[in-house]
Amino acid sequence: MNDFVLVRKNLFRKKLRAILMIVSILVAFLIFGMLAGFYRAFTAGEDRAAADRLVVVNKINFTQPLPIAYFNRVRGVEGVRQVAHLNWFGGYYQDPKNFLIALAVQPETYLEVYGNDIDMSAEERQAFIRERTGALVGETMARKWGFKVGDRIPVNSNIFSQRNGSRTWDMTIVGILKAKRPEIDTNFMVFQYAYFDETRSFGKDTIGWMVLQTTSPDLNDRVAKAIDQMFANSSAETSTDTEKAFNKAFAAQLGNIALIVTLVVGAAFVTILMIVGNTMALTIRERTREIGVLKTLGFSGPRILTLVLGESVLLALLGGLPGLVLAAIAAFALRTSMQNFLPGFAVTPEIVALGVALMILLGVVTGIIPALNAMRLKIAAALGRG
Amino acid sequence: MRSLLLQIAAVTSINLKSMPQRLWLSLSTIVAVALVVIVLLSFLAMANGFQRTLAGSGSPDIAMVLRGGSQAEINSTVSRDQVRLIEDGPGIARGPDGKPLVSSELYLVVDGIKRSSQTKANLPLRGIGEQGAALRQGIKLAAGRMFNRGANEIVVGKGLAREFEGFDLGQTVTFGSSRWTVVGMFEAGGSVFESEIWADLPVVQSLFNRPNFFQTVRARLDNPASLAALKSYVDNDPRLKLDVKSEAAYFADQASQTSDLIQKLGWPLAIAMAFGALAGALNTMYSSVAARAVEIATLRAIGFGGFPAFVGTLVESLVLAAIGGAIGAIATYLVFDGFSASTLGGNFTQVVFDFKLSPALVVQGVLLALIVGLIGGLFPALRAARMPIVAGLYA
């Protein structure tokens, strides 16, 4: 009989009690896994950001437009490799509830600036550049709505209208965009700015914002300053930031999600720490006489310590691992329904690693005091008690 | 019957008096239940506070006119001609001077710095017409004065001034290249308007380069029933492709989405945690029964019935849960009630709101605690009632 068998038998001596503890640990790690996945999806914008990309927006706020003339002026700034301009369309498909992330872009520059993020065939690329009413649809969006290459779809806007009064733009899907990196979400579509600008009833010759690539991330600060200075005191001043900082500030607008997640996970962990810690102390106290017998048989103090700690760590793992598995399954099941709201909701390997580390920590923390007491126990006292 | 009641009273009091002997286990159950209740109630208080802020904003006798299909003020556009047609519409109240009580407005998003995170956030700047302030209920200047017509002056809502930097009275604020002076701060009964910046409409139109551009029209109705008349007037005029709804309905729509989301997050979390706490409660109560095995068996041997043992254990569990629930509710009230927060609302701008705990929510929290106590006590109580006397005496 090796020590592991002893640990296992000890743990399940009172089956009901062991199962109850496992359930409470399972719940805590289920909550941990889900919230960590939620938080990760929430901050994914920062991971998606490329180090050499800057975002130029109107200084008043990023929802305010910029003149199209800025595009060529930014292009000329030293240290700028390529610039793309984008315009939020406020799109929806058939019903306002079917919200579509649609952006009006100038094809060549857009595909160049985002070349490391998205992928498509050479023919699709050419078709998008050539076709005035052409649109590229992300893989996720295409799957969600059953869009295929060649489909002609009506896309509505809740912001813009055409000069003829219509709020619907007809677009032909000329290609499907695939993500080149796992962090990239493809629940969006892009279509030609020229088509959009010529037909819209107001806001002509303005753009929403610009995204540019610098020749090197080291130049980011200098380029950002140069651009903002160029437009200082004009009617539309700009604010230039790294993509990462921009995405982070945007996520922070929803509220202090990090704090909420930390508090809830903290509360769940304090709960199980109290329950499991107390129960472990109780079970070891009940076995005082037995530990005395083990010591009489020649089990050393450190070995007893390992046995007790092994028991609490095993308990934490037995509860925690299924908890994480359940979290992963739940996250997978919720993925489609969360697509619009929170893309990239998943339990990742990093979350699993952190979870396992927490389980071991939990096992050690709950077991250490009973284990130390057991290790220090004098044989005579142990056998005399209870 | 009387003897049964006496037995129950006796056993229950033994149970309760012996609780300190299991101090740590009992405490851990109380803490576990309290934490469950805190998590549940803080989410519900958040959803409730947000809901109240938005629901309190809309008035049933104000009609809101937006471009058809635009859903939110920020997406809407209304032309000057359309504004005139609305002003002539039926059912709109008129002032003593015979002018319709109408405010055409411009809704722009500007940047502000959130105090708590020091990051940029979207704030609404509203250009309002002459009647703008009068069309909102309970607007009261808390400090300073109203902006002068035609001046670069703004008044700010109390919530906005509290959550975002740089809007103190007398300060100059720069939006792009335009400079504005904060001349007043207003209260609006905790409504969403307290998260807004107001200025004179023509000044906003000119400084933001939007001449003759309007986004929404607000009109005071003769009475809430006149809405239908105004609606059919708009629907029958081909020049007016506009949506008309009551302000109350507009804000109710906006409130439901976010507060739904918060509640949908809060309940599953609390229920998951309740399962954890339930495991703890069961553990505590089984230990309690085990620790008192000799005692229970002795009582049974001298003629006590099984039922009093059952009730005693169940009551102990319920008492632990009730204490936990009460501590949780009180802690949530002390820590979170009135806690000020802000998030992005339906207009893509920050809405400042306070967490608000209501008696109905407290009842929900305490009920959840008692359910944990009930289930946590039921099975151990059955065990106590069914324990064979002989086995108990030798335990």
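**Exercise 1. The strands around S10(A)**

How many bridges join strand S8 (residues 134-138) of chain A to S10(A), and do the two run parallel or antiparallel?

*Solution.* Before counting, some ground rules. This is a predicted model, where local features need pLDDT of at least 70, side-chain atom pairs count only at pLDDT 80 or more, and totals for chains, interfaces and linings use all residues. Residues are numbered from 1 along each chain as its sequence is written, while chains are lettered from A and ligands numbered from 1 in the order in which they are written.

Step 1. Find the elements. Strands (E, at least two residues) and helices (H or I, at least four) are DSSP runs, numbered from the N terminus. Two strands pair if DSSP finds at least two bridges between them.

Step 2. Count. S8(A) and S10(A) are joined by five bridges and run parallel. As a landmark, take A:Ala135, whose bridge partner in S10(A) is A:Ile173.

Step 3. Look for other partners of S10(A), which covers residues 168-179. Strand S9 (residues 152-157) of chain A is joined to S10(A) by five bridges, and this pair runs antiparallel. Here A:Arg152 stands opposite A:Thr172. Strand S7 (residues 118-119) of chain A also runs antiparallel to S10(A), with two bridges. In that pair, A:Asp119 has A:Lys178 as its bridge partner.

A handy rule when you view strands: in a regular strand the side chains alternate between the two faces of the sheet.

**Exercise 2. A hairpin in chain B**

Which residue takes a positive phi in the hairpin of S6(B) and S7(B)?

*Solution.* Step 1. Start with the strands: S6 (residues 172-175) and S7 (residues 178-187) of chain B pair antiparallel over four bridges.

Step 1. Go to the turn. B:Phe175 has B:Ser178 as its bridge partner, and the hairpin has two residues between the strands.

**Exercise 3. Domains in each chain**

Work out how each chain is divided and what its domains share.

*Solution.* Step 1. Take chain A. Domain bounds come from an automatic or database domain assignment, which gives domain 1 (3-45 + 255-384) and domain 2 (65-235) for chain A. Their C-alpha centres lie 48 Å apart.

Step 1. Look at the contact. Two residues are in contact if their C-beta atoms, placed from the backbone, lie within 7 Å. Domain 1 of chain A gives five residues and domain 2 of chain A gives six.

Step 2. Turn to chain B, with domain 1 (2-55 + 254-394) and domain 2 (69-240). The centres of these domains are 48 Å apart, again over C-alpha atoms. In chain B, 12 residues of domain 1 are in contact with 18 of domain 2. On the domain 1 side, helix H2 (23-55), strand S11 (340-344) and strand S12 (350-354) of chain B give two or more residues each.

**Exercise 4. Where the chains meet**

Which helix supplies the largest share of the side of chain A that touches chain B?

*Solution.* Step 1. Size up the interface: 42 residues of chain A are in contact with 43 of chain B. Helix H2 (15-42), helix H10 (243-252) and helix H11 (257-286) of chain A each supply at least two residues.

Step 1. Pick the main contributor. H11(A) has the largest share, with 11 residues.

Step 2. Sort the chain A side by class: 24 nonpolar, 14 polar and four charged. (Ala, Val, Leu, Ile, Met, Phe, Trp, Tyr, Cys and Pro count as nonpolar, Asp, Glu, Lys and Arg as charged, and the others, Gly among them, as polar.)
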